[in-house]
Amino acid sequence: MNTLAAIAVALTALRVNALRSFLAILGVIFGVMAVIITVSLAQGASRAVQEQIASLGSNTLNIQSGSNDRGGRRGGAGSAIPFSSDDVDAIRENLDVIVAASGTIQSSVTAVADGVNWPSTILGIHPDYIEVRDWSVAEGRVFSVAEVSRSSRVAILGRTVVDELFPSDGVLGALVRLNGQPFEVIGILTERGQSSFGQDQDDIIIAPISTVRTRVAGYSRAGVRDPVQRIWVEIAPGEDMNYATEELEQFLRVRRGIDPGEQDDFQVRNFAEFITAFRATETVMGLLLAVAGLITLMVGGIGIMNVMLVSVTERTREIGLRLAVGARRRDIRNQFLVESVALCSVGGLIGLALGVSMALLLENLAPTLGVTRLTVSVDPSIALVAIGASTMVGVLFGFYPAHRASRLDPIIALRYE
Amino acid sequence: MSAPLIQARALTRTYHPGGGDVHALDGVDAVINTGEYVAVMGPSGSGKSTFMNMVGALDRPSAGELVIAGEALSAKSPDQLADFRNRQIGFVFQQFNLLPRTTALDNVALPLLYRGLSLNRRREKAAECLRMVGLDERMNHHPSQLSGGQQQRVAIARALAGEPAILLADEPTGALDSQTTIEVLDILDQLTARGITIVLVTHEKEVGARAERRILFRDGRIVEENP
Ligand SMILES: Nc1ncnc2c1ncn2[C@@H]1O[C@H](COP(=O)(O)OP(=O)(O)OP(=O)(O)O)[C@@H](O)[C@H]1O
Ligand SMILES: [Mg+2]
């Protein structure tokens, strides 16, 4: 008996018992639905991780003074000697593995233009920062290294700041007061939209780090000339991340006079690792949910097995007759297996439709419910997951009833009342 | 037309229901030739159905040997026996055993499903067999829409669909009234005229009288020929 004929026989049997077939697949429907939703959530979370890593740059390292060891001799960030612009220049000039480096100072700021106030964030940087972060300007230009040296009062605005302060045109060359100091607007940053944490990444102003340090943030540390809060560096293309990290750490240890064996008073962070670790809890949650979905699916499978066993018993005489007219054992087994798989596939398709609808609904409802961190990703390949999972359940839970059917004694089956 | 088709040698079938031995068949020797129309008769429990099940390869003997169309059934694997039933044997049962909610046409086509024929070829052949038993008008009726006699004719058409060498009918008229019994027996007469070998089990003298040869069973043995 060929497969097509087996499917035709199976579908006829299912149609004959439409209501019972439907009840039997309810469990599979809900199981597949649960799996679809959890897979969509998990894929959404991993997409968010990838987007964040991409937005930070996968070849980027971040350096901060202070150590992790809170119980030790040294305190956390802040108590250790901060890095300075000289450190940044030294890194840029001496380390071949590093192609760009910038110190940063971040501060809150009140921006005023034409009598409009807008509280925002200012980030003081070296032009290298634009390269490290893969940012760009949509209009205007980035300030030069010379302008950093001169502490020029020039600023580049994010799109949100532009929209708030300059509703009409004529931004470039305009004057904006930042914490009272007049700055010339020389560029507008390319829009980046919301972060996956729900932050507006366009509500930002950037300016030369030297200018921000002295005129806006008033950032100074005793004993350190030109301090910076953090250092961002970009690794040369093709360089190994771990090797570069070690080079950098060794360079800074020597520069800061830390003896071998002594603990570092700074941290070099790889942001890709950091985010991955941060999102790991979500991945674990996703896994737990997926396990719950699978259990639902398995319970659905038990429903299928039950109805298939009933079907085999009910059709004992039919099986006897089929054997008498020449069906081989495997024909009988395949007939019931195909029936079970067909049953589950129908359940899988219904579950797919419901699951995708629910996932899309969640995605659209999440922001209105204030759950900005919920990301859902409905991938077309989810259809394969649904069909694969339901087929697997059909084979797994259909096998025993089908095997039992194929082992019936033809004479006993024919006489069965 | 007198080559031996079915040869039974010391055919024995013993059941062990709850300890004791029941000799359903107790050393049966028989030869049935190609084209013969044989009635198997005898009292209830004498082993008639057991004999038929052996010949139809639905059951294996406890001892003895059965050679059909030159081949020993004992040498065959389960799959080979299935194939043997499919090609050499057509069964007709007392209770018809038609598939419910399935048209007469598809019921008749069932044996051909296991030969891997296409749906069209199966239905073509099934229609031809239904015509042979005079039911071509009822092809698309379900068993529940047919009379007992008509259902048994559908069952005979199904037995013929695979063009078997042997038609095995175990009390085919047992559930029919005298009028429809005659209809069914007339069809069997036509079939024997076409050369098919028929083995028929019956209790009724008049039914047995239509066959050209009678074998009488008692206590699992053949006790008389042509009584
Ligand atoms: N599965 C079985 N288990 C135990 N004993 C059986 C079994 N099948 C048949 N028998 C016994 O074998 C003997 C022969 O049975 P069989 O069915 O061949 O009789 P029969 O001649 O066909 O009778 P009937 O005319 O009533 O159909 C009987 O005594 C019966 O009880
Ligand atoms: Mg009997």
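**Reading sheets, a helix and a ligand site**

User: Which strands form the open antiparallel sheet of four in chain B, and in what order?

Analyst: Strands of a sheet pair through backbone hydrogen bonds, either parallel or antiparallel. In chain B, four strands form an open sheet in the order S2-S1-S4-S5, and the pairing is antiparallel. Strands here are DSSP runs (E, at least two residues), as helices are (H or I, at least four), numbered from the N terminus, and two strands pair if DSSP finds at least two bridges between them. The edge strands are S2 and S5 (71-72) of chain B, each of which pairs on one side only. This is a predicted model, in which local features need pLDDT of at least 70 and side-chain atom pairs count only at pLDDT 80 or more, while totals for chains, interfaces and linings use all residues. Residues are numbered from 1 along each chain as its sequence is written, chains are lettered from A and ligands numbered from 1 in the order in which they are written, and side-chain values use heavy atoms, with hydrogens and water left out.

User: Over how many bridges do S1 and S4 of chain B pair, and which residue of S4(B) does B:Arg9 stand opposite?

Analyst: Strand S1 (residues 4-15) and strand S4 (residues 63-68) of chain B pair in the antiparallel sense over five bridges, and B:Arg9 stands opposite B:Glu65 in S4(B).

User: In what order do the six strands of the other open sheet in chain B stand, and why is one side of S6 and of S10 left without a neighbour?

Analyst: The order is S6-S7-S8-S3-S9-S10, with mixed pairing. Strand S6 (89-92) and strand S10 (221-225) of chain B stand at the edges with a single partner strand each, so one side of each has no neighbour in the sheet. From one strand to the next the twist averages 20°. Within this sheet, strand S3 (residues 37-41) and strand S9 (residues 213-218) of chain B pair in the parallel sense over four bridges, and the bridge partner of B:Met41 in S9(B) is B:Leu216.

User: Which strands does helix H1 of chain B lie across?

Analyst: Contact means heavy atoms within 4.5 Å, and axes are lines fitted to C-alpha atoms, for helices over the stretch in contact, with angles from 0 to 180 degrees between N-to-C directions. Helix H1 (residues 48-55) of chain B lies across S3, S6, S7 (166-170), S8 (197-201) and S9 of chain B, running at about 155° to S7(B). H1(B) also lies across S1, S2 and S4 of chain B, at about 125° to S1(B).

User: How many residues surround ligand 1, and which chains do they come from?

Analyst: A residue is near a molecule if one of its heavy atoms lies within 4 Å of it. There are 14 residues around ligand 1, and the closest are B:Ser44, B:Gly45, B:Lys48, B:Ser49 and B:Thr50. The surrounding residues come from chains A and B, so the site is shared between chains. H1(B) gives the most to the shell, with three residues.
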